[in-house]
Amino acid sequence: MVSLKQIKKMEEEEHKRFHRRIVYIIIVILLFLFGGSTFYYYVESLRFIDALYLSATTMTTVGYGDITPKTDIGKIFTIFYVFAGVGIALYGLSVNASHF
């Protein structure tokens with residue numbers, strides 16, 4: 001039989017694992033966001049704030065269209081960046097939703 005103390009301990013451990021996963025996901029999202037920004041900064045010769053804005057709107061699939069990649073390599077990078085960014089964001093949402 002499982003005691004109340006053991007159940008409480010298991011719940012606390014799961015809560016800690018959940019928080020660790022959330023922190024890791026946030027770190028990956030920030031690294032991905034700033035990695036994309038750095039790419040756009042150097043390849044597309046954008047100001048860093050514009051590169052960060054382009055990365056954020058691209059990663060979240062908002063894509064206003066006011067800033068777009070101009071070079072071929074920038075366009076190819078953006079294709080993969082969108083798929084990976086959406087995948088990372090959906091994974092983060094699924095981890096968050098599974099906790100509740």
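Trainee: How far apart are the end C-alpha atoms of H2, and what should its 12 residues span?

Mentor: Keep in mind that this is a predicted model, where local features need pLDDT of at least 70, side-chain atom pairs count only at pLDDT 80 or more, and totals for chains, interfaces and linings use all residues. Residues are numbered from 1 along each chain as its sequence is written, and side-chain values use heavy atoms, with hydrogens and water left out. Helices here are DSSP runs (H or I, at least four residues) numbered from the N terminus, and the expected span is 1.5 Å times one less than the number of residues. So for the 12 residues of H2 we expect 16 Å, and the end C-alpha atoms agree, being apart by 16 Å.

Trainee: Which residues of H2 are buried?

Mentor: Buried means under 20% relative accessible area, exposed over 50%, and partly exposed in between (1.4 Å probe, protein chains only). The cover over the buried residues of H2 includes H1 and H3, with contact meaning heavy atoms within 4.5 Å. The buried ones are Ala51, Leu54, Ser55, Thr57, Thr58 and Met59.

Trainee: At what angle do H2 and H3 cross, and what is that arrangement called?

Mentor: Axes are lines fitted to C-alpha atoms, for helices over the stretch in contact, and angles run from 0 to 180 degrees between N-to-C directions. The axes of H2 (residues 48–59) and H3 (residues 72–99) come within 8 Å and cross at roughly 60 degrees. Under 35 degrees is roughly parallel, over 145 roughly antiparallel, 65 to 115 roughly perpendicular, and the rest oblique. That's why H2 is, relative to H3, oblique.

Trainee: Which residues of H3 make that contact?

Mentor: On the H2 side, you'll find Ser55, Thr58 and Met59. The H3 side consists of Thr78, Tyr81, Val82, Gly85 and Val86.

Trainee: Is Thr78 buried or exposed?

Mentor: Thr78 sits in helix H3 and touches Tyr40, Thr58 and Pro69, not counting residues up to four places away in sequence. Its relative accessibility is 12%, so Thr78 counts as buried.

Trainee: With which side chain does the side chain of Thr78 make a polar contact?

Mentor: A polar contact is a pair of N or O atoms within 3.5 Å; within protein, one must be able to donate a hydrogen and the other to accept it, and residues adjacent in sequence count only if both atoms are side-chain atoms. At 2.6 Å, the partner of Thr78 is the side chain of Tyr40.

Notes. Helices (H or I, at least four residues) and strands (E, at least two) are DSSP runs, numbered from the N terminus.
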